[in-house]
Amino acid sequence: MVYVNETTQTPGDLHSEARIAHGVLHTLRQDLFAGAFALRPLPPLDDAKLARRLSWLPGRARRCARWLPHGAVGFLAACIFMGSVGSGYDAGATRQLLDVVLALMMAVPPVLVLFRPVGAFWLSLAAFFVAAVGSRFFSPYASVWSSVFVVHLAVMTLVVLRTRPRLAVEMWGVTFGLGAVVSVLVRSGALGDMPPVAFFSGVVLVSAAAVRAWREERRQVVETRSVTAEERSRRTLLEERALIARELHDVVAHHMSVIAIQAEAAPYRVADPPPELAKSFATIRENAVAALTELRRILGVVRSEDPDAFAERDPEAPQPTLASLDALLESVRGAGLTVEALITGSARPLPQGVELSAYRIVQEALSNALRHSPGAEARVEISYVLGGLGLRIVNGAPSRLAKPSPGAGHGLLGMRERVQMLGGEMTADHTADGGFEVAAFLPVTNTAGEPAGGGSGA
């Protein structure tokens, strides 16, 4: 019978473990050795946060409060120095000199944390090592090493709060690894009370790491919220620009199309027009078409990201409604398009957004008929029905060849977006006779002043 040892490690497992150990050592070297004494000053507290939390203090006191953490650490270092030096006042000169040196080794690391946190850890660890060795050979310092360790633990806690959470594990491992070596070499292998001290230190450092991680997470959440708010504001701004661009296209493009068509048709309404008159009308039409081309080019820029577009527009300009429909139809008829209107149902006031969107849809549909179906007839149907407003704009086939239009399709897109904004429905397609039809329904919620019957359908 052959027994197989299932715990045998393969070369691949050994390679993986070696790679993990190499990664740990590399991280340890980067955190505790590379640039250990690099300058990393602790900045003062944020003025905005202090203004909210200490609003009851005068301005000068709030400015001084920005340096409160630095003052607290400096006060702690002063207390450590005075407490360490005061114990040897009645001793000889040599003892006093040693007390001053040891007090400096204990008091300097906390202050150094404010400027070089990792370097402060190494300096505090050196003081702990010197105190541990000295307490073994110099009886007056037999109990000093415990005080030095308390200061060292405080320094490690401050370093964790200033840097990153994982340094808690790394500094704990280095400290008690060195402590075990010192116990073996100096104290004949007796660990003494090191295990409970190590456990207590681990709890303190893990707590400090948790606080640091919580602060870092909160800072990231605040940054994420700020970025989200900025992105939301930017998106809202772009949407507003797109709305302005649609309004520009609906209004200016319509009137420029009418100008171009009237300028083209004017010479045919006069018998034997003078050449100068025909040339003037041709120039007017060319300028109108050029203006339309530039308008559509600018419109494309505005629909993307133009921060200065329409900065001077008048926000108080009145918006057209269905009450202005007659003027619109007269303008279109003057441009040569035969159009008739049919209104069914009980006409009633509608919300301003519905009125504006309905007017713009009719305007854009008639402008498209002027551009793409010259010589055709058009029909506008407006139906006041229960629950909303129905629109239908249909034109026939063109009676003559339509000139190419440089449009980019923003007219239909604007109509669809207006209808979708109001929660309605829209269709736009060619008819069987070669014309084009736009049909839309704009829902309107019942108001107190609206009759129950609403109106009749078309």
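Modeller: Phe-33 counts as partly exposed because its relative accessibility is 49%, a class that falls between buried (under 20% relative accessible area) and exposed (over 50%), with a 1.4 Å probe and protein chains only. This is a predicted model, in which local features need pLDDT of at least 70 and side-chain atom pairs count only at pLDDT 80 or more, whereas totals for chains, interfaces and linings use all residues. Residues are numbered from 1 along each chain as its sequence is written, and side-chain values use heavy atoms, leaving out hydrogens and water.

Searching the whole structure gives 5 aromatic pairs, where rings of Phe, Tyr and Trp (its six-membered ring) pair if their centres lie within 6.5 Å, and planes under 30 degrees apart are stacked, over 60 edge-to-face and the rest tilted. One of these pairs joins Phe-33 to Trp-122, tilted, at 5.1 Å centre to centre with 45° between the planes. Phe-33 sits in the loop between helix H1 (11-32) and helix H2 (47-53), and Trp-122 in helix H6 (residues 117-137), so the pair ties together parts 89 residues apart in sequence; helices here are DSSP runs (H or I, at least four residues), numbered from the N terminus.

The rings of Trp-172 and Phe-176 are also tilted, because their centres are 5.5 Å apart and their planes at 45°. Both residues belong to helix H8 (residues 167-186), 4 residues apart, which is about one turn of the helix. Trp-172 is partly exposed at 32% relative accessibility, whereas Phe-176, at 11%, is buried. Together with Phe-128 and Phe-149, these two form one aromatic cluster, and Phe-149 is among the buried residues of H7.

Notes: Helices (H or I, at least four residues) and strands (E, at least two) are DSSP runs, numbered from the N terminus.
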